[in-house]
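Trainee: Before I use this model, I would like to go through the terms in its description and see how each value stands against its definition.
Mentor: Then let us look at it together and take the terms one by one.

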Amino acid sequence: MNEDPTTTLMRLRGSIDNIDAALIHLLAERFKATKQVGQLKAEHGMPPSDPAREEQQVARLRRLAEEADLDPAFAEKWFNFVVAEVIRHHTAAADAR
Ligand SMILES: O=C(O)C(=O)C[C@]1(C(=O)O)C=C[C@@H](O)C=C1
């Protein structure tokens with residue numbers, strides 16, 4: 001028997017809500033780690049950004065995205081968006097010293 005469209009929509013939205021919650025928790029964990037990196041860099045006078053490291057990360061994420069059937073350009077945009085915020089935190093941590 002076919003599922004009622006409203007039931008299907010509710011079921012799919014349940015999955016979307018679970019995935020969004022997981023993404024928020026994963027992002028929170030990532031920022032907990034990068035905040036520690038920011039403190040370390042500020043304490044030791046290291047520059048906030050590391051373009052060579054970012055290049056490696058982008059290449060890896062684009063490869064993973066392709067394997068997962070996700071648009072690699074979207075994966076790169078997402079990474080750059082997150083890293084811009086991380087660098088803002090790192091710069092604020094350095095300026096606070
Ligand atoms: O690995 C670092 O050095 C970081 O500061 C973390 C991070 C990241 O968020 O992945 C952020 C900024 C750097 O340019 C590179 C990577």
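Mentor: Helices (H or I, at least four residues) and strands (E, at least two) are DSSP runs, numbered from the N terminus. This is a predicted model, in which local features need pLDDT of at least 70 and side-chain atom pairs count only at pLDDT 80 or more, while totals for chains, interfaces and linings use all residues. Residues are numbered from 1 along each chain as its sequence is written.

Trainee: Which helices supply at least two residues each of the shell around the ligand?
Mentor: They are α1 (5-43), α2 and α3 (72-95), and α3 gives the largest share, four residues. A residue is near a molecule if its C-beta atom, placed from the backbone, lies within 6 Å of it, and those around the ligand include T34, R53, E54 and I87.

Trainee: Why is I87 called partly exposed?
Mentor: A residue is buried if 20 or more other C-beta atoms, placed from the backbone, lie within 10 Å of its own, exposed if 12 or fewer, and partly exposed in between; I87 has 17 such neighbours inside 10 Å and therefore counts as partly exposed. I87 lies in helix α3.

Trainee: How many residues of α2 count as buried?
Mentor: The count is zero among its 17 residues, and α2 is hardly covered, while of the 97 residues of the protein 2% count as buried.

Trainee: How do you know what span to expect of α2?
Mentor: The expected span is 1.5 Å times one less than the number of residues; for α2 (residues 51-67) that gives 24 Å, and the helix reaches 24 Å from its first C-alpha to its last, close to expectation.
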